[in-house]
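Student: I have a structure open and would like to learn how to read it. Could you walk me through a few features?

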Amino acid sequence: MTPEQASKTIKSVLGEIAPDADLDALSPDADLRDTLGLDSLDFLNFVEMLSERSGKRIDEDDYPQLATLASGVAFLAGR
Amino acid sequence: MPVLGADMDEGTVLEWLVKPGDEVHKGDVIAVVDTAKSAIDVESFHTGTIERLVTPAGDTVPVGTVLAVIREATPGAGAAGPELAVAPSAGQPAAPADGQPAAPAAGQPVQPAGGRPIAAVTQTPARRMPNATPVVRHAAAELGVDLATVRGSGRSGAITRSDVEQAAAAPGRDRVTPLARRVAADLGVDLSAVTGTGPGGVVRADDVRRAVSAGGPARETWQPAAPAREARQPHGPETISRRPEKAEAMRHAIARLMSRSKREIPHYYVSNTVDMATALTWLRERNRSAEMSARMVPAALLLKATALAARQVPELNGFWIEDHFVPAPSVHLGVAISLRGGGLITPAIHDAADLPASELMTRLRDLASRARAGRVRGSELTDATITVTNLGDQGVESVTGVIYPPQVALAGFGKITERPWAVGGLLGVRPLIATTLAADHRATDGYTGARFLAVLADLLQQPEEL
Amino acid sequence: MTPRPCAAGHHAGLLRQMVLIRRFEEQCVELYSAGEIHGFVHLYIGEEAVAVGVNQALAPGDSIVSTYREHGHALVRGIPIDAVMAEMYGKSTGCSGGRGGSMHLFDVKTRFYGGNAIVGGGLPLAVGLALADRMRGDSRVTACFFGDGAVAEGEFHECLNLAALWQLPVLFCCENNLYAMGTALARAQAQTDLAVRAASYGMPSWPVDGMDVLAVEQAARHAAEAVRAGGGPHFLELRTYRYRAHSMYDPERYRDKAEVEQWKQRDPIEALAARMRDAGELADKDLAAIEAEVSAQITKAIETARADPLEPVSSLTRFVYLRERS
Amino acid sequence: MTSANPEKTSYREAMRAALREALRKDDRVFLMGEDVGRYGGCFAVSLGLLEEFGPERIRDTPLSESAFVGAGIGAALGGMRPIVEIMTVNFSLLALDQIMNNAATLLHMSGGQVPVPLVIRMATGAGRQVAAQHSHSLEGWYAHIPGLRIVAPATLEDARGMLWTALEDPDPVLIFEHGSLYNMTGPLSPDAGAVDIDTAAIRHQGTDITLIAYGGTLGKTLDAAGELSGAGISADVIDLRTLRPLDDATIMASVRRTHRVVIVDEGWRSGSLAAEISARIMEQAFYDLDAPVERVCSAEVPMPYPRHLEEAALPQVPQIVAAARRAVG
């Protein structure tokens, strides 16, 4: 998965979870949970959908790597 | 069009989930209706076959209008006369006198061979201006008759004064005793779903109480003002916008209920700090080996522990009605779910104390996603016997909440934070959570509240038992 | 019982009382017309000699039961004029606390048991007051005023019978002004000689010229003394006339203006004044002094009444029960 | 006070004992009315009192209701404590002017100067086949009038105890004695004395329905409560005792417990006391009602003479039971 694909995938998933968010204005280094107001259930959905669409297993220990858009892209693209 | 809320007078069919020829069973969700407040699933009250859909998706019609005709799966043929199917409104005039369905476009109704139509009402095109003189309009307003539901007997179908008077005299308004209305309001029971056993079917207080103890009908509360189908089937950002007037309606509903709570309920508060190390360690181990979809969040443990604590301290699980505490036979755990863009709803997880934590987690996820999609069923919105609010994800240390009348207690959880904590005389860093309880001092005293939090703390030390 | 004072001073007193009533009533017309006082207001103009004359025969401890045409009775009985005027204004300082108005003047201090606005309604009260006096051994007289209209009421006959039967100390004073509102006596009564009707109950009764205050006084003294002495009830038919309408204004279709003028020729005030002049008891300046004094009294009463407080609406339901439920 | 054993007493005897006590205790008290003396009272209530107290205090009157009722008012103004007996409520209409226009108004229109401490007793009610002019139950009319207190003793204790309290009251009190009660007998303590005239009493405790009655209908209502109890319906029976002012508190407290009401009133239904009570329940306890308020009143007909028609016109136990069953459902 290229960084562009990873970014697109992440934004698409976030768009479904937080439909009212302005993702274009999302800073790559902003904390996703704080900025988008995701609770633990939202985050679980986020992880689940991301895993589904990227085809990658994401463990709990990986969660910190999904804290921001930039780190998430790096995580997905890096695999 | 069923009455889905006390103040609902019309609704929009958002979506049909069935089509003609489909078999439906009593309780099946067959359509989604947008009320002024929320998208609500409409259940069929009959088992049979969809004969035809009378009100197309997208139409807004007054309550009492037939949405569809279901051919009833009668064991024997030709039983009683027509009855209402998908317009189970107890509050509005239903069938015309002859009981024949009269679809204006199709002219004469299709009378299915072998079956019989069990819903029949003139379809009213969305907010067509009724054909009535100002005098008749005035009479209708005075008598509380919706002219859109009246069939005119005058020239060119004009509605006459006597049509209005007949409509007003028709068995439209629920026959409910004043006491039953008060009890229903206290319990938040939707009267339209209560079966009356009094003379002529009048609903009396005991009918309402029975309905509650049977885990029954919808309790009146606010309903989610979410983006309905758009959120459920996301098309893109442009469809995801909440209608401001709905948000306002929800705000008003919250304002009313919370004002009532603070006005009527003498709250007392107790709080505690609980070491979550054991629970989190257990959870991490469990999640490591679990499928992704089976992973649990700490909230699931907190909810389960709350449900068990409520069962062990039953004085906090129930309702304050007519100056008495009425214990609830089961724990239906209300979960405060905040909605994007403001507002919140508190759907209930039924029999939460009896569910394994993993199942509770599944229910929680389902409930949260449906709540945010505005797809919560009425009974879920109204059956809670005790409520939990968890603002830990928002980073607050603790929350002391406002009780949902007529419940008598509300548990609150803050954020799990690592802090210095002495155990056995040794200072260490432990994940801690602030637990709180707001309780109704009419029903219990601080001692009971303290006991509840102590039980809760103990339960959280044994996560494997949850 | 009451010692008779010297004639000149006594006459001047009678004159002064009649003038007070006359001017008070005239003032009521003005105040009513100006919208300052309200309700039914029945004027006593022309009948002054009756109240003044009968009152001469009464002792301070005696009781009085009157009618709705009772301003004159109240004033001569000694209810302060300020309290009577304040009652006209419905002020809390009125003699009935403002609750009664023109027709219901009360004052227990002078044992004035009301203006009663039901024709004949006061007679049983008078009988009962006299019964109490009899049973308690008091030597009071109860003077009961009523009009010729009351003679047609059943209560009149019940009460005269009962008072006579039980020999109660009542002085029945029938003010026969010839009209029951608009119905002339002869059009309502088969026997227009009212004294005769009273006599049929076995009580002493006689007609009196009600336009002559001295005649009224003399008859009343005689009757009251007999009553007080245990002679049982007595009855006076006081033949008089009201100059004005039944209640403030009416079209007076029921009588001729000439008849009114004829009665005015026998005006009780002028009659007494003339007699006093003839006897050298009254100079013009004396009359002027009386008029000035009376006028000042009435003017002050009006000013006081205007300034007096109204009862607050919050006390609306006072005086319904003396004992409120605990 | 000794606690003597109850003695078998009739309502008539209890009332007479009350009169005798009052006449002995207070010189100002006297009894006045038609045939109260030599005849001994139309219902023999005052039998023997003339001999004991003499004709001044047991005073026979001519048939002049307006005069002797009004004289009672006047005597009260004059410092006495008269007890006026009107033979029956039917004849009280001849004294209505005095009761309404004088007794009830003097205190008010004199600005509080002239209280009327008068007691008027009269028999009321139907049930003895005395037809249309002797069977009225007009206590509801009198209960309409501010300034009067209206009481209806339905028990021996109240027959014995209400009179003295009424005499001590500074306001006019009308005592309505139902004609069918005079022969009622039962145990009454020789110590029985004054009772309050302000409150209603609960004569039978229950939880499912409130039956409200007074005077002559109390017995029938208690019978109905017994019958209902056999059918598993537990009834509160309220004896109003005082018809004006009504004891709303007792009524509402019961309604708030039972949520259902039957009002039993021998008056005609239209504009009846039962109507007033019903209205007050709507005003004060509407949201406590779980069934429409039921009324069992007299049929709207002048009382017919034949027994079967009279019985049909009056509230009876089966009607009370039926109304209660309708309400309980």
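Student: Which residues have the most contacts inside the largest nonpolar core?

Tutor: The general idea comes first: in soluble globular proteins, nonpolar side chains tend to be buried together. In this predicted model, the largest nonpolar core has 281 residues, and Val127(C), Leu211(D) and Ala324(D) have the most contacts inside it. Helix H8 of chain B, residues 298–312, gives the most to this core, with ten residues. Apart from that core lies another, of 19 residues, including Val13(B) and Ile40(B).

Student: What does Ala324(D) touch?

Tutor: Leaving out residues up to four places away in sequence, Ala324(D) is in contact with Ile209(D), Leu211(D), Ala224(D), Leu228(D), Ile233(D), Ala235(D) and Val262(D).

Student: How many residues does the contact take from chain C and from chain D?

Tutor: In general, the size of an interface is often given as the accessible area lost when the parts come together. Here we can count residues: 38 from chain C and 37 from chain D. On the chain C side, strand E2 (112–116), helix H5 (122–136) and helix H6 (154–165) each give two or more residues. H5(C) provides the largest share, eleven residues. By type, the chain C side divides into 19 nonpolar, eleven polar and eight charged residues.

Student: And which residues are buried in H9(B)?

Tutor: An α-helix has 3.6 residues a turn, so residues three or four places apart point the same way. Helix H9 of chain B, residues 357–373, reaches 24 Å from its first C-alpha to its last, close to the 24 Å expected. Among its buried residues are Ala357(B), Leu360(B), Met361(B), Leu364(B), Ala368(B) and Ala371(B), and also Arg363(B), Arg370(B) and Arg372(B).

Terms used. Residues are numbered from 1 along each chain as its sequence is written. Chains are lettered from A and ligands numbered from 1 in the order in which they are written. This is a predicted model: local features need pLDDT of at least 70, side-chain atom pairs count only at pLDDT 80 or more; totals for chains, interfaces and linings use all residues. A nonpolar core is a set of buried Ala, Val, Leu, Ile, Met, Phe, Trp, Tyr and Cys residues joined through C-beta atoms within 7 Å. A residue is buried if 20 or more other C-beta atoms lie within 10 Å of its own, exposed if 12 or fewer, and partly exposed in between; C-beta atoms are placed from the backbone. Helices (H or I, at least four residues) and strands (E, at least two) are DSSP runs, numbered from the N terminus. Two residues are in contact if their C-beta atoms, placed from the backbone, lie within 7 Å. Ala, Val, Leu, Ile, Met, Phe, Trp, Tyr, Cys and Pro count as nonpolar, Asp, Glu, Lys and Arg as charged, and the others, Gly among them, as polar. The expected span of a helix is 1.5 Å times one less than its number of residues.
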